[in-house]
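Try each task before reading its solution.

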2 protein chains.
Amino acid sequence: MPRVKMEDIAKMAGVSKSTVSQYLNKRYEFMSAETKDRIEKVIRETGYQPNTLARGLKVKRTQTIGVIVANILHYYSTAVCRGIEDYCNQHGYNVIICNADDDPGKERGYIEMLLAKQADGIICVTTGENNELLGDLVRRSYPLVLVDRKAEGIETDGVYSNNEQGAFDAVEHLIRQGHRRIALLSPEIHRVSTRRERYAGYAKAHRTHGIPLNDTYVRFVDEFSGLKALLQELLRLPEPPTALFCSNDLSTVETLRALKETGIKVPERIAIVGFDDSPWTDLLEPPLTRVVQRTFEIGARSAERLLLKIEQPDAVEPTVQIMDCELKIGGTCRFGE
Amino acid sequence: MPRVKMEDIAKMAGVSKSTVSQYLNKRYEFMSAETKDRIEKVIRETGYQPNTLARGLKVKRTQTIGVIVANILHYYSTAVCRGIEDYCNQHGYNVIICNADDDPGKERGYIEMLLAKQADGIICVTTGENNELLGDLVRRSYPLVLVDRKAEGIETDGVYSNNEQGAFDAVEHLIRQGHRRIALLSPEIHRVSTRRERYAGYAKAHRTHGIPLNDTYVRFVDEFSGLKALLQELLRLPEPPTALFCSNDLSTVETLRALKETGIKVPERIAIVGFDDSPWTDLLEPPLTRVVQRTFEIGARSAERLLLKIEQPDAVEPTVQIMDCELKIGGTCRFGE
DNA sequence: CTGTTAGCGCTTTCAA
DNA sequence: TTGAAAGCGCTAACAG
């Protein structure tokens, strides 16, 4: 079933290929109204769709961008993707969403795929382990926007949350409630800027309020099977923490789950504040006190920057946008019984 | 910054374009080991990426499929997408995810875009309003797999949940707990097979247990601003329902939110069971009793079918797969105080 | 206002 | 075992 192509349309309309091409590219100025109508009619009748592969090959633009996220199952990622998609859709671009699963190998594979597919640009939540490759892109002035996580030495546009402020606000809120012994639960922080910054906010809140940091309370968890044991260990300390700060959505949810399954009451036995964008956390009892990011806006802005770089390659200095986080107060931070 | 192309590789390796092409397509048999090594080396050193647009134009295959979902923010969609993506990734295909937002116009636009981009096939959660277009595809033997929702008169592969069974199990569970007056909250059911089937399951459970259906209890809600009022209206009936069956995840969440905000206790004042795949609903207090679908498997199977149709166009009869749903018992269905 | 022509980067006979 | 050449469907000068 060979699809109809431009030549067929040209023949049926009794014009040449180039006239049809003109029509498709909306260059009507030099075309009789009659010709235009004839072409229009034939296209409608045949349901002709121009082959964008051929077009892209010629014009070196595909009107397609790639988005690489850490994990599409996380609300943060889907919301950012929606923000990107809506913006791109309105501006005539298509989006290929790729799931790197926090795996540098997959990330590299996707970057290469997107280049091979001639994506016009990439928005990337990077693992932080492909900086040479990303650096190459930037050096070749390939349009690249980073989101969520900064990459060492990559001079390009970025849209990030103010993670330090968000963490600071969360922890300060705990302190103001009377908490002094606050544990931090986070994935290993060294590779990812986001996590380092949240740790920094945690530390700064302590400093600001004259509370010494206690390493025993800082725990890096990348894998949740041992979480219940960890929590019980914390609670059995001579000076157990009275509050938990969970620095991302996965650790927040898993901690809530572990607490619930162990029957540890929140906030009576232990308070909790999380970095978590999921809109359902206010259905919990009590509703989760949490820091939320401006996810859709982060998506939309990163798309805006990327399209700008694509369409005006030189008019643009790399810009870094830092978006504030918002503390939403639920009921999981009260101090004491 | 012109990217390196096959011709450059050929020159640098001192061979012709076709030999490089052979190499890329792993046809090593007729190639001296030495030639092979030379090409390999040059490719590695230059970081050459073949242009898949040019390749696709020639071979009429892009190794890319399209997925059209109703709303990527819903857990069901993301989970199905993950299932598809994992399968495709393992089999050398890329996935373009499109968000139709339950809007027939957007759906049509995406289908046309995917055809224009020469996607090798499409997996679609259809709005049900583009059956002519979908029918065209099937007639042209374009590879198409439907997921979640059946489309009137479209003879193609499909992977669906057993919605009637799932709804039946949910409602029967309520009945066994002693409930007799069970309200149904669902989006308008006529356009979407999934919703009709769930309604059918609701009705069947009533029939099976000799309980007459009461239309006052059946409410179609597409828009949630009036939900609180609706719930209060139901509760003020002379014979108010003692239980709610929410037939999709959005209406479940919104109902839970409305109940919480109005201070209506679950399950004391009213019981609730939902069709909902979100994994966090067991963190609620009490955990939500709900029907879950085999989301990842639905994704993987639909991808499997699609790739089969792409790679063996004639070897395949259209197959419909119906996946069982599972009732997960939480604590929101108890009867009476 | 419309047609001719030369590619875009790759694959694929066919010939050497 | 390798190379030459034609062509995938489209665009963009340039002629007319």
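This is a predicted model: local features need pLDDT of at least 70, side-chain atom pairs count only at pLDDT 80 or more; totals for chains, interfaces and linings use all residues.

Residues are numbered from 1 along each chain as its sequence is written, while chains are lettered from A and ligands numbered from 1 in the order in which they are written.

**Exercise 1. The overall form of chain A**

Task: Work out how the radius of gyration of chain A stands against the globule rule.

Solution: Start with the secondary structure, which comes to 12 helices and 12 strands in chain A; helices (H or I, at least four residues) and strands (E, at least two) are DSSP runs, numbered from the N terminus. Next, take the radius of gyration over C-alpha atoms, and the rule as 2.2 Å times the number of residues to the power 0.38. For 337 residues the rule gives 20 Å, and chain A has 26 Å, well over that, so the chain is more spread out than a compact globule. The box filled by its C-alpha atoms, taken along the principal axes, is roughly 90 × 40 × 30 Å.

Then turn to burial: a residue is buried if 20 or more other C-beta atoms lie within 10 Å of its own, exposed if 12 or fewer, and partly exposed in between, with C-beta atoms placed from the backbone. By that count, 46% of the 337 residues of chain A are buried.

**Exercise 2. Two copies and their contact**

Task: Find the rotation that superposes chain B on chain A, and describe the contact of the two chains.

Solution: Copies are superposed by least squares on the C-alpha atoms of residues with pLDDT of at least 70 in both. A rotation of 180° with 0.0 Å of shift along its axis brings chain B onto chain A, at an RMSD of 0.1 Å. That is the relation of a two-fold axis. The same surface serves both copies, since 100% of the contact residues of chain B recur in chain A.

Now count the contact, where two residues qualify if their C-beta atoms, placed from the backbone, lie within 7 Å. Chain B contributes 35 residues and chain A 35 residues. On the side of chain B, the elements giving two or more residues are helix 4, helix 5 (75-90), strand 2 (94-99), helix 6 (104-116) and helix 11 (249-262). Helix 4 of chain B gives the most, with 5 residues. By class, this side has 18 nonpolar, 9 polar and 8 charged residues; Ala, Val, Leu, Ile, Met, Phe, Trp, Tyr, Cys and Pro count as nonpolar, Asp, Glu, Lys and Arg as charged, and the others, Gly among them, as polar.

**Exercise 3. The surface near the DNA**

Task: Say which residues come nearest to DNA strand D and which to DNA strand C.

Solution: A residue is near a strand if its C-beta atom, placed from the backbone, lies within 6 Å of it. Around DNA strand D there are 25 residues, and A:K5, A:M6, A:S18, A:A54 and B:S18 come nearest. Two or more residues each come from helix 2 (17-24) and helix 4 (52-59) of chain A, and from helix 2 (17-24) and helix 4 (52-59) of chain B. Helix 4 of chain A gives the most, with 5 residues.

Around DNA strand C there are 26 residues, with A:S18, B:K5, B:M6, B:S18 and B:A54 nearest. The surface near DNA strand C has 10 nonpolar, 10 polar and 6 charged residues.

**Exercise 4. Helix 5 of chain A**

Task: Check the span of helix 5 of chain A against its number of residues.

Solution: The expected span is 1.5 Å times one less than the number of residues. As for cover, 12 of the 16 residues are buried, including A:Y75, A:C81 and A:Y87. Just after the helix, A:G92 takes a positive phi of about 75°.

**Exercise 5. Aspartates and prolines**

Task: Is A:D148 buried or exposed, and where does it lie?

Solution: A:D148 sits in the loop between strand 4 (144-147) and strand 5 of chain A. With 24 other C-beta atoms within 10 Å, A:D148 is buried. Its phi is near 75°, a positive value in a residue other than glycine. A:D102 also has a positive phi, of about 55°, but is partly exposed, with 19 other C-beta atoms within 10 Å.

Finally, look for cis peptide bonds in chain B: the bond from B:V266 to B:P267 has omega near 5°, and the one from B:E285 to B:P286 has omega near -5°.
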